[in-house]
Each structure stands twice: as C-alpha cells, then as structure tokens.
Amino acid sequence: MNRTDKQSEWDWQITNNTRWWQLDLREVWTYRNLLARLVRRDFLLSYQQTLLGPVWTLLQPLLTVFTYVLVFSKLVGISTGTVPPVLFYLTGTILWGLFNDVFTGTSTTFTTNADLFSKVYFPRLVMPFAFVSAQLMRLLVQLALLAAFLIFYSFRTDVTIHLNAWAFALPGILIVVALLGLAGGLIFSVITAKYRDLMNVVPILMRIMMYVTPVIYPMDIIPVKVRWILAINPMTPMFELFRYGLLGEGTFTSAQLVYSLVCTVACLLVGLFLFNKQKDALMDIL
Amino acid sequence: MTKLAIQVDNISKLYQLGTIGTGSFKRDLHRWWSTSVRNQDDPFGLNSTVENESQASHIWALRKVNLDVVEGDVWGIVGGNGSGKSTLLKVISRIIRPTHGTVRGRGRLSSMLEVGTGFHQDLSGRENIYLSGYVLGMKRHEIRRRFDEIVEFSGIGQFVDTPVKRYSSGMYVRLAFAVAAHLDSDILIVDEVLAVGDAEFQKKCLAKMQEFTRTEGRTILFVSHNMQAVSQLCKHILWLKKGQVVASGPIQSILNQYSNQSQTNQLSQVWQTPEEAPGNHWIRLKSVELVPQKETENALVDVRTPLTLKFNFWVCQDELRLLMGFQLMNQTGECVFDIMTPFTDCKRGLVEATCEIPGNFLNDGSYSISLIAYRNSWEDYFDYQNCLSFDVEDFRGDGMNFTGKWWGSVRPKFPLTLMHKPENQPLSLSL
C-alpha cells in the first residue's frame, strides 16, 4: 500500500523527538477546566478528615510568626527597625511560604503523578500550574490575615504604618516569587524524577535559600562585606519591596528590581523548556 | 476512498534494561561526553558491541510496527505477555514516545488504560466524574450533558456524593468505566479494562462497546486476553509477538492461527534410553503424552475435546508391586482430580498406562499433569511433577451469548432438562 498517500491533513502526529521550542501553551489552555478541577481537588482534600481543615492555612503562618517573634525578637534580639516584629515576620513568612510551598510542591511533579502520567495523556504542565494556582488561592486567604493585622496596628498610636504607592506592586511581587518557585520546582522535578535521592536536597536547599533571603532579618543589619550574597539572590529585592510597600521599611534599588525580573524570566524559561523537553523521555524511567 | 483514523508508521520502541539509578549518573556523564563533546556513537546505544541477547542492556518492546486503521474500524490487539501490546497503545496515546517512527491520526483520541484514571479516593463520586472526565479529555459541556447518564449507567444512585473509598470495589469499577464509556471521542483505546467487574457488568460493558462501534461509527483499538470478547467486538486483529507484528488483517484469517500458537502446550515428553530418563533404581519413564482426539488437524483443544493420557515406563526390578497415578492441576495449582491404579504385580520390562479424559468434562483454562508411582505398598515412591501442560479453550456453541468466565473447576455436560408436568388444577394465578 502506498503509505504516503494524499492523507496530508492529519490532526496530530507523534514522533520520536520532543523539540526544545515546542512549548504548546495553547494546548495547556484547552485543559484549563482540568486545572480548575485540580485546584478544587486540593481545596476539598484539605477538608477531608481533618480537625481544622483550611484553618491551617492561617494557623501555619501565625504559629511560625509566633515562634520567630519569640526566638529572633525576644531571645536573640534582632532589630526590626521601627516595624513591629509581628508585622515584620508575618510579611516575611507569608512571602517565603509561597516560594517554599511552590518550589517543594512542584519539585515532585513526576514522582507524585507517576501513576497518572503513565496511564493517560494530558499536557504535563497542567499539574505544576494547578499546584501554583492552588498555592496562590491559599495566599489570598493569608493576605486577608495580613490585612487584618495591618488594620489592627494602624489603630495603635505608638506604631505608624507607612503604606505607600509601592503597595500596588504587591500582585507583581507575589507573581514573581511564585514564578521563581515554579521555575526551581520545574527544574528539580526533572532532576528528582531521574535521581530520586536528590529529593533530599530540596529541603536543605530551601533552608539555605531562606537564610540568604531577608525573611527573618532586615537587609540593613547584614554587614556590607557579605551583602553581595543577598544581592545575587533575585528574591531579596522582592522581599524588601514587599515590606517597603506595606510597612515603609526596606532597601532596594531599581537596578535590583530589574535584575530580579530578568532572573525570574530566565529561570522560568529554563524550567519550562527543560520540563517540556524531558517530560516524554522521563516516562520511560518513572 | 476510506479515510484513515490512525496510521502507525514503522514504530519502534527501545527500553533500557537493568537498574536505572545507581551508576546511571556516571553512565549519563559518559554518554554525554561521548555523544555531545567528542561526537562519537552512544557507547551504551544500539550499536554497542553487546550481541548476546541475555547480556544486552536494551530491549525492543516494539520493532517496526505498521498499522493502518480506517475510520470506524474496531481492531483487536492480541499477543502474549510482553509482546508489546500495551507499549503500542501507550505510544498511540502519546504517553510515551517511540524511539523511531511516526504515528499520525485524525480526530480526538481518548484512552482507557486503567480503571479509574484520575480518580481520588477521598473525593465523592460527583467530583471524581468531573475530575476523571477532564483528565480523559472531556469538555465541560460534555460532562454536564452526560452526567446523569453516567450516574445511571454506573448504578451508584444515591451514593454519588459519597467518597469513592467507601464504595464497594464493584461500584468503583462501574463508576470508573461509566465515565470512560461516555467519552465523545472519535478514537477510543481500551486496554483490558473489561477484565474487571462481575459477569453481568462485563456484559454491559461489552454491549456498550458494541453500541459505540455500530451506531456511532467510532474507531476502537482494543487489547484483551479474552478471545470471546475480541472475536465478538473486532473485525480486524493485530497480532504482536516480542514487539513485532506476526500478522494483521481481518479477524477470520488470524484468530485460529493465533489461538493455535498461543497455546503453550507441552503435550509429550520422550526419553530414548533408561539412563537419561527421569526415575530411580526401580522405575524409569520412557514417554508421557497427551493425545487430543481432535476432529481436524488445526482444531484447538477446547472443552469438547476428549483427551487420552498415555505413559510408558521401564520397570527395572524383576518383581515389583506397583501403583501408578496422576494428578491434574489447574493454573492456580489446585488439584482437579487424582487418579490411580490399584497395586499391580509387574515384571521387568516396558509397561504402558492409558487413561481417557472425556470431552465435556474440563472447564476452559490451563492445566498441568503430575505423575506418581508407589512401590510395594507405599514403601517408596517416585513422582514427576508438571511433566505435561496444556490449555483447554472455551467453546460456547450457538445461541450462547453469555461472555463471562464460565464458573467451576469442571464443566461436565450432565443432562439438565425442563419438562411440563400435567396438573389437575389449572394455574389460576397470572403473573
């Protein structure tokens, strides 16, 4: 039979190679309903057989902040400037929590979904995207908590909250931090799929990252000599900007912001293309 | 001109064997160094020097498979374990990439490679219908439109808002199949999903599958071990063996050939001299064979076929009081029956034993036979386990539309009759 007959208009075609640049985001878009369902699934599951359910979304940062205030503010005595320690640590914890959860959660995309991936095709990127979306939903609840605290402190006379125009950058900051986490998670999802033991590296890496990001200390208590370590971290300006916009205290330059954005775009592209290139090859070893 | 729905063009799939993980990083580095930096051949690739198959580090799960599927055709994909059936379905479903070759297709494709794809134990039936539907590629309006139908087909009724982990396994399977059965895709890929569920539900599934093809003209690729299902459903068969196509085409030409081949029978064993034969100082086996009394040469051993077991042995003592027997085991290792002779006085020389197993007695399945011999009133014994093995195929005859597995260890045809009994009083009750 003539195998190259006039059947030119095929709807789809499967070949042996996955091209680096064949990032079909339009296809991901057609699966947006699935993405929404997965977000919903995450939310529903947080209710199942729990005592407090979604309340943990609020309790987690609150308890963390409580510990930080106790340890770093009361015991160690790190100065948070004119900002009340509770607000200082709450902003840091919420923003860091976003990065940490997105990175850690998406870094196991292949290993946690191996069963599903080996049984049905859908754009694999839906999974990490759904995870990021679910985390952003959680974040909205946490931001409400932060707003409540801000309002509470603004009524106190001994504290002045310098809310300013930079607060409008807030959605941008959150997206940049989430995308940085996603970029790292995508890269690590490929690595952990191939070498499972490297999953142990993720928590350690997260801890190191946290200490080189101004989460539990303000930028200006760091000696100038070692500030470059924080400066090369693209997260640093985001944290400083976040605090500056909401609390009026933080140091950053516009060059740092540009650097941070460029880094985010670059990391995200690397993550997306690496994920996209490896997703099919990884199916053979999952 | 008939339009093709799927064209499988020269597909090959290579798998790496052995442990992936420990040592693979070193190998990855080595490979990267050779292929990318020094521009050499892959040291672990296809052209590596390892020729011996048992030492090879790779295996071809599929090799140069071609298949043209015309729109509306139903293809059965058959073959033994490890023949590459599932790999082929996964390649066509886009789950894994082929090593070589191209698959082209037209229309939306959905695959059911397991029961309950995308299901989550903790979520309700309702949530899972949506989740699974979306995972399988359904659109929102399709699920909405079909939702009631799905619930009705699965028969879960009021449990639709109960978490599926509280379902019985039967309910779970029914719901999972129901979602997949209501996919509105042009091409459907099914992998032995019918092997689950009770007989009644299997029948329902099969009917649904037939409805798919007959009334809606969809293309189906169907993998199954259930020959009855394949022959009822499919018009074409692709037969794979060790990743290669043995035959493909219309069902009539292939089904018999396949069934003959796939029977992994060892129907006889013969030893030329007592020295090499199994046995001991008082008995040696010469031959053991099972002779099916088939009507034609190519006919299969099915439930109707009478079988004759014959075995010859050398008695190596001048005088021997001997009891011979054999056991017939089914595939789970259970003994179906155990038959033996009474103790008999034998002289040195050759002895033959025969036993006839009538037709219409054994159920379909795989069986093996073990021999045993006792001497001098249970003083000593010799046994030879699993010396023969054979398959009995199913046969239902005309007018028997039931397709589930026939129950029972044996399937005798004892006469069972119905007859009218004249009664003095006419039946006044009308039901």
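Colleague: In which sense do strand 5 and strand 6 of chain B pair?

Modeller: This is a predicted model, in which local features need pLDDT of at least 70 and side-chain atom pairs count only at pLDDT 80 or more, while totals for chains, interfaces and linings use all residues. Residues are numbered from 1 along each chain as its sequence is written, and chains are lettered from A and ligands numbered from 1 in the order in which they are written. Helices (H or I, at least four residues) and strands (E, at least two) are DSSP runs numbered from the N terminus, and two strands pair if DSSP finds at least two bridges between them. Strand 5 (residues 109-112) and strand 6 of chain B share four bridges, and their sense is parallel.

Colleague: Which residue of strand 6 of chain B is the bridge partner of B:M112?

Modeller: Strand 6 of chain B also has five bridges to strand 7 (residues 219-223) of chain B, again running parallel. The bridge partner of B:M112 in strand 6 of chain B is B:V190.

Colleague: Which residues of strand 6 of chain B point the other way from B:I187, B:I189 and B:D191?

Modeller: In a regular strand the side chains alternate between the two faces of the sheet. Five of the five residues of strand 6 (residues 187-191) of chain B are buried, a term that requires 20 or more other C-beta atoms within 10 Å of the residue's own, against 12 or fewer for exposed and a count in between for partly exposed, with C-beta atoms placed from the backbone. B:I187, B:I189 and B:D191 point one way from this strand, and the other way point B:L188 and B:V190.

Colleague: Which are the edge strands of the open sheet in chain B?

Modeller: The sheet has six strands in the order 5-6-7-3-8-9, with mixed pairing. An edge strand here pairs on one side only, and the two are strand 5 and strand 9 (244-250) of chain B.

Colleague: What angle does the direction of helix 2 of chain B make with that of strand 7 of chain B?

Modeller: Axes are lines fitted to C-alpha atoms, for helices over the stretch in contact, and angles run from 0 to 180 degrees between N-to-C directions. Contact requires that the C-beta atoms of two residues, placed from the backbone, lie within 7 Å. Helix 2 (residues 85-92) of chain B packs on the sheet, touching strands 3, 5, 6, 7 and 8 of chain B, and its direction makes with that of strand 7 an angle of about 150 degrees.

Colleague: Is B:W75 buried or exposed?

Modeller: B:W75 belongs to strand 3 of chain B. Leaving aside neighbours within four places in sequence, its contacts include B:L221, B:F222 and B:L238. Because 24 other C-beta atoms lie within 10 Å, B:W75 is buried.

Colleague: At which residue does helix 4 of chain B bend?

Modeller: Helix 4 (residues 140-154) of chain B reaches 20 Å from its first C-alpha to its last, close to the 21 Å expected at 1.5 Å a residue; the expected span is 1.5 Å times one less than the number of residues. Its buried residues are B:I143, B:R146, B:I150 and B:S154, and these pack against helix 3 (125-135) and helix 5 (169-181) of chain B. A bend is the angle between axes fitted to the seven residues ending at a residue and the seven starting there. In helix 4 of chain B the bend is about 50 degrees, at B:R146.

Colleague: Which element of chain A supplies the largest share of the side that touches chain B?

Modeller: The contact takes 28 residues from chain A and 37 residues from chain B. Strand 1 (12-14) and helix 2 (32-45) of chain A each supply at least two residues of that side of chain A. The largest share, six residues, comes from helix 2 of chain A.
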